[in-house]
Amino acid sequence: MKSNSTYSILVLALAFVLLGAFGVQAQVLNQPTPADNPNLAGNSAWTAVCASGGFNEYFVNFTWDPPLVASDNEFILELSDANGYFASPTELAKVSDKNTVFDFEFKFALPSDMRGDNFKMRVRSTNPAKTSPASEAFSMYFIDYNSPLLISENGSGTIPSGGLIQLCGGGSVTLKPHNIPNAESYIYNWYRSGTLLATKSESITVSEPGMYYVELDYGDCSGSANTLSNTIEISTGTSSGLTINGENNIEVCPGETYQLEASITGLGLTYTWYKDGAIISGPTVDGSTYTVDASTAGFEGSYEVEVSGSGICKELSAPVTVSSSGSFEISLNNAENIVLLPSQTKTLSVSTTATSATYQWFKDGSVVAEATSSSLNINQVGEYHVEVTENGGPCTPAPLASATTTVVSPDSFGFVVDYVGNYSSCESVDATLSLTTINAISNNGATTDVTADLQNSFNYQWKLNGSDVSGETSKTITISNQEDNGDYALYGTIDAFEASSISLQVKLASNESLQITANGSILCEGGEAIVLESTTDLTNESFEWKKDGTVVDSSSEILSISETGVYQLVITSNECPLVSNEITISDFDESLLVLDKSKDLIIIEGETQTLTASGADSYEWFDAGNNLISSSSYYDFTEEGEYLLIASFGTCTVSKVITVTYRDMFAIPNVITANGDGINDLWVLPNTYSRDPNVLITIFNERGEQVFSQAGYENNWPQSTTSFNKQSMIFYYKITRGGKSLKQGTITVIK
């Protein structure tokens with residue numbers, strides 16, 4: 001491609017005009033990096049933050065590129081969460097006196113609640129509002145506990161003699177630290193004989209032999225925390241055959257006791273007794289027996305004993321089962337509370353597992369004469385129960401009383417209704433109400449739940465705001481239309497009685513969908529205004545525009561945006577809010593535009609190089625003549641020159657100047673053959689130096705006399721008028737730009 005000085009000047013002028021028009025220049029905030037601590041001699045940049053109450057002073061280096069920020073700007077160093085996310089960043093440091101300093105250090109202290117391996121940092125400026133790329137991930141731990149841990153069995157605080165615990169085959173022991181507060185809030189590294197185990201909790205249950213110890217897991221800072229614990233040695237021994245003497249299944253008569261005894265006894269041995277896996281006695285020295293008391297409720301269960309001590313390994317016995325002999329169950333076949341309407345007769349009955357049972361019924365605590373069968377007919381109000389006696393088996397247990405059934409003659413009835421399922425006022429689109437309780441009410445105001453007995457005997461009617469709801473005559477009603485919002489109550493009749501519930505308010509959300517739209521989501525200085533509007537006509541509606549949950553306007557049907565945030569529209573419909581979708585408005589960031597290659601392209605003449613942009617809504621590519629050459633996200637460059645890319649983000653734009661140059665395919669020649677055969681007759685320079693009006697080519701003969709000088713060299717020496725008086729002559733060349741020497745050397749001309 002041939003170029004000249006006029007063309008190049010026009011390209012540069014056009015580029016600077018377009019750059020100014022589209023505001024391409026902007027500050028660049030660079031990634032923060034760890035820096036050495038100037039207060040520590042011989043220090044180097046940190047690789048992990050291991051802070052504590054005794055030391056918590058760290059530095060990071062930060063650089064940025066001009067133009068200058070505003071005079072009221074602040075640079076803020078922020079820390080991510082432990083997973084590297086900046087949803088709620090923590091401010092580490094803030095400076096306001098570095099607005100003309102492009103390379104400086106932040107000093108910060110790590111907050112005391114930070115522990116993790118993937119923290120990142122970034123720097124944010126306030127004016128203009130920009131954010132740097134995030135740093136690499138680092139381990140950062142505040143070491144709030146840095147003393148050696150002490151571990152013992154179950155964290156009891158008693159460390160065994162010599163640190164040795166001996167287990168029998170199949171036994172296990174739980175180790176746990178006992179000297180650290182809030183132990184459950186830490187992560188741990190457990191070791192067995194130097195091997196790191198998978199367990200990370202405060203306790204570990206082990207059965208394999210080995211040397212066990214633990215430290216707090218502070219990531220890369222674990223070693224400097226000095227929390228390594230004492231060592232507990234677990235060894236295994238041969239089982240001594242520990243059992244509980246006697247049968248494996250033991251029956252105890254009511255009111256009696258039974259003594260369990262371990263098969264291994266000896267002076268100084270320690271015994272721990274378990275029921276259903278939980279400790280009920282011990283550890284107790286010489287406590288080789290345990291007494292089961294059948295008069296204590298819940299004595300039945302599975303019993304075990306554990307023995308430990310000098311000369312034997314720790315061992316747990318097989319379980320034995322203790323149950324009640326002669327026990328049986330009884331249950332009334334009626335509801336606990338019964339309503340007896342006038343002239344009614346009810347039958348009470350009882351079921352039992354007793355093999356040879358006798359019965360006695362009671363009313364109001366007194367014996368009912370001749371009521372000795374499993375059922376009883378009643379026609380009077382009162383409190384009824386039955387006692388059942390078991391007359392068979394090895395034991396003679398005391399009579400067992402049933403639950404009490406209250407029989408009432410009501411003065412009135414009352415209903416209790418409630419919402420079914422997860423109903424939320426003004427959020428649910430339907431609601432189901434149902435009868436939950438029927439109360440019989442006596443003349444003194446006492447209530448008795450008679451739901452099970454009478455719920456199928458009432459005639460029902462639902463009312464909305466005091467008026468009957470047509471067709472709703474069951475215990476349950478479902479409302480699914482917002483127009484039916486209101487107060488619902490249930491009424492009912494039985495014989496001469498009437499009953500009603502208190503009202504429940506139903507407010508259903510609208511089934512309508514409220515949508516808002518925006519002409520953009522990126523807010524930028526000098527760009528078109530962002531406006532929000534609704535697809536719903538707001539003329540006769542009561543509405544509120546909200547930003548981040550706070551009302552910002554309640555009168556404008558179209559909202560103009562001047563601040564970033566999350567926006568919503570809320571319409572009040574039938575006393576309930578109708579909430580729109582959310583639209584998030586963000587600050588403009590030029591880094592949203594991404595190029596897949598450098599904006600300075602070097603191509604081989606005759607070939608094609610494709611540059612692709614991404615991140616924007618639309619793209620326009622212009623040549624040096626300000627001609628639109630493409631509206632795609634990419635462009636295929638075949639000729640050198642300067643081009644302009646304008647990327648649009650809603651109402652915001654970013655401009656990038658693309659420079660395309662040809663790659664030099666050969667070096668400066670030092671020999672030409674000026675014999676007129678058309679081959680190598682001229683001294684041809686690479687594109688880097690030829691046809692550039694700013695580059696001067698000067699050629700001298702052997703005597704140092706200038707024989708040729710040209711700016712914007714056209715690859716046209718020697719000229720047709722140049723004569724050579726020797727078969728082989730040597731010339732000297734010098735290539736300069738702005739008086740500065742670029743290249744120099746010799747040219748041998750062969751005729």
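Helices (H or I, at least four residues) and strands (E, at least two) are DSSP runs, numbered from the N terminus. This is a predicted model, in which local features need pLDDT of at least 70, side-chain atom pairs count only at pLDDT 80 or more, and totals for chains, interfaces and linings use all residues. Residues are numbered from 1 along each chain as its sequence is written, and side-chain values use heavy atoms, with hydrogens and water left out.

**View 1**
P67 sits in the loop between β4 (58–65) and β5 (75–79). P283 belongs to strand β23.

**View 2. The largest pocket, with a volume of about 910 Å³.**
Among its 34 lining residues, E153, I165, E306, S308 and K314 are the closest to the centre. A pocket here is an open set of points on a 1 Å grid over the protein atoms alone, where a 1.4 Å probe fits, with protein on both sides within 12 Å along at least five of seven lines; lining residues have an atom within 4 Å of a point. Grid points are joined across faces, edges and corners, and the volume is the space filled by probe spheres set on the points. Rolling a probe the size of a water molecule over the atoms shows where empty space is left. Strands β13 (164–168), β14 (173–177), β22 (270–275), β23 (278–285), β25 (301–309) and β26 (312–316) each give at least two residues to the lining. The lining holds 12 nonpolar, 17 polar and five charged residues. Ala, Val, Leu, Ile, Met, Phe, Trp, Tyr, Cys and Pro count as nonpolar, Asp, Glu, Lys and Arg as charged, and the others, Gly among them, as polar.

**View 3. The largest nonpolar core, built from 28 residues.**
F413 and F458 have the most contacts inside this core. Seven strands are listed as contributors of at least two residues each: β37 (412–420), β38 (431–441), β40 (459–464), β42 (476–479), β43 (486–494), β44 (497–500) and β45 (504–506). β38 gives the largest share, five residues. A nonpolar core is a set of buried Ala, Val, Leu, Ile, Met, Phe, Trp, Tyr and Cys residues joined through side-chain atoms within 4.5 Å. Buried means under 20% relative accessible area, exposed over 50%, and partly exposed in between (1.4 Å probe, protein chains only). In soluble globular proteins, nonpolar side chains tend to be buried together. F458 is in contact (heavy atoms within 4.5 Å) with F413, F415, I438, G492, T493, I494 and A499, leaving aside neighbours within four places in sequence. A second, separate core has 26 residues, including A51, L77, F104 and F108.

**View 4. I441 in strand β38.**
I441 is partly exposed, because its relative accessibility is 23%. Not counting residues up to four places away in sequence, I441 touches P410, D411, S412, F413, G414, A446 and T447. I441 and S412 are 29 residues apart along the chain, and their C-alpha atoms are separated by 5.1 Å.

**View 5. The disulfide of C50 and C221.**
The structure holds two disulfides (pairs of cysteine sulfur atoms within 2.5 Å). In this one, the S to S distance is 2.0 Å. The link is left-handed, with -85 degrees about the S-S bond. C50 lies in strand β3 (residues 49–52), and C221 in the loop between β18 (210–216) and α2 (222–225), 171 residues apart. C50 is partly exposed at 24% relative accessible area, whereas C221 is buried at 0%.

**View 6. The disulfide of C426 and C576.**
Their sulfur atoms are 2.2 Å apart. The torsion about the S-S bond is about -70 degrees, so this disulfide is left-handed. C426 lies in the loop between β37 and β38 and C576 in strand β53 (residues 576–579), so the pair ties together parts 150 residues apart in sequence. Both cysteines, C426 and C576, are buried.

**View 7. N465 and N680, each with a positive phi.**
Phi of N465 is near 50 degrees, although N465 is not a glycine. N465 lies in the loop between β40 and β41 (467–468). N465 counts as exposed, at 52% relative accessibility. N680 has a phi of about 55 degrees. N680 is placed in the loop between β63 (671–673) and β64 (695–700). N680 is partly exposed, with a relative accessible area of 36%.
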